[in-house]
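Hi there,

Here is the structure I promised to pass on to you. Have a look at it first, and then read my notes below.

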Amino acid sequence: MPVHTSSIEFSTPGNSEILDITRDVQQKLSETRLREGLVTVFVPGSTGGVITLEYEPGLVRDLKEAFERIAPQGRPYHHDRTWNDGNGHSHVRASLVGPSLSVPFRDGRLILGTWQQIAFVDFDSRPRRRVLIIQVMGE
Amino acid sequence: MPVHTSSIEFSTPGNSEILDITRDVQQKLSETRLREGLVTVFVPGSTGGVITLEYEPGLVRDLKEAFERIAPQGRPYHHDRTWNDGNGHSHVRASLVGPSLSVPFRDGRLILGTWQQIAFVDFDSRPRRRVLIIQVMGE
Amino acid sequence: MPVHTSSIEFSTPGNSEILDITRDVQQKLSETRLREGLVTVFVPGSTGGVITLEYEPGLVRDLKEAFERIAPQGRPYHHDRTWNDGNGHSHVRASLVGPSLSVPFRDGRLILGTWQQIAFVDFDSRPRRRVLIIQVMGE
């Protein structure tokens, strides 16, 4: 069983922007020509997360509001006193959502629901250049 | 190292019902006759999640109450204005809890704690027929 | 592709203590001499979780405060009425954070961000002896 580790790269505006990366992940999977196995999407960084959602504008807004309830941007964070970079809320959100997602595939296709997309959430408080790891294991 | 991808299917009442699926996952694992490796449980859909918990009625109620605090059913959701299907809270809860769980196994058994069960949470606001993916990789 | 399943063991004070285990996970990975693949860190128990974070004292405090907002220690839990062990909040936090983390590796090294560490969170309300499973699959 081979393993293929690659990456995708893109720019984001930050501020809990939610980006649909389903097509990019599927493309990396297709390039391996593997038929059945597991794809892991991983954020090497402490202010980003990976989720699945029905990617439509209403739900995207609902999720941003939920992140704001879970770790509000306005309240004081001890992290901000350490570094003075004002992204304490970004770190808390990222640690709670998590940097890793594992999705099975079969017949060379990600096994996702019809209304289910894979998304990267950039919790940082400023625009960022991002690199995500896409690892494919299978046969 | 072989990979086996199968599924389990069941009906649920929805409304954040929490179903213990430990026995079903172990059975799918046992059918592969593999001894050591990783099982991935995946929900192909955007209104369900997979967790582990001590499956006892008190904690099941506590978790339902926690889901209600995280994304209350009564408040307005932008998603509901998009589709008018009244399950905005279901989607937000599902995206936060996550659709994927990876559990190692050894000697053909899931490595779980004595008081730890695997559960599917159906966040949708109506009864559903559900299919979960059970993928086993190992040797 | 071989699979190696081992464990690390340590004592914790509980009470949502956050322990940096990055070095221990990397050491277990290095012992396998595998070059490329996936490491799964798993908590066999229902009152612990695995996260990644920038491990610095300010953020550690912020995360503990976030756990307290998500499932406060003071409020009544149905679980406590079942067992009378006063750790209902521990279970709710652990089920929401999750017991499993998958991290890709390449060239024998975990692919983590510069400011990203792997941590175990002991949500239980008392000191515990803990065993975590470290499973490495790859080539």
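What pattern does chain A follow when read along the sequence? This is a predicted model, and in it the order in chain A runs β-β-α-β-β-α-α-α-β-β-β-β. If you tally the elements, chain A holds four helices and eight strands.

Next, the overall form. Chain A has a radius of gyration of 16 Å, close to the 14 Å that the globule rule gives for 139 residues, so it is as compact as a globular protein of that length. Along the principal axes, its C-alpha atoms fill a box of roughly 50 × 30 × 20 Å.

Inside the chain, 53% of the 139 residues of chain A are buried. Looking at contacts in chain A with a separation of 6 or more, you will find that 81% of them are between residues 24 or more positions apart.

Then there is the neighbour, chain C. Here, 26 residues of chain A are in contact with 28 residues of chain C. Which parts of chain A each supply at least two residues of the side that touches chain C? They are the strands S1 (3-12), S3 (37-42), S5 (100-106) and S8 (128-138), together with the helices H3 (78-83) and H4 (88-97). H4(A) gives the most to this side, with five residues. Sorted by class, the side of chain A that touches chain C has 11 nonpolar, 14 polar and one charged residues.

Happy exploring!

Conventions
Residues numbered from 1 in each chain as written. Chains lettered and ligands numbered in written order. Predicted model: local features only at pLDDT ≥ 70, side-chain atom pairs only at ≥ 80, totals over all residues. Rg over C-alpha atoms; globule rule 2.2 N^0.38 Å. Buried ≥ 20, exposed ≤ 12 C-beta atoms within 10 Å, placed from the backbone. Contact = placed C-beta atoms within 7 Å. Nonpolar A, V, L, I, M, F, W, Y, C, P; charged D, E, K, R; others polar.
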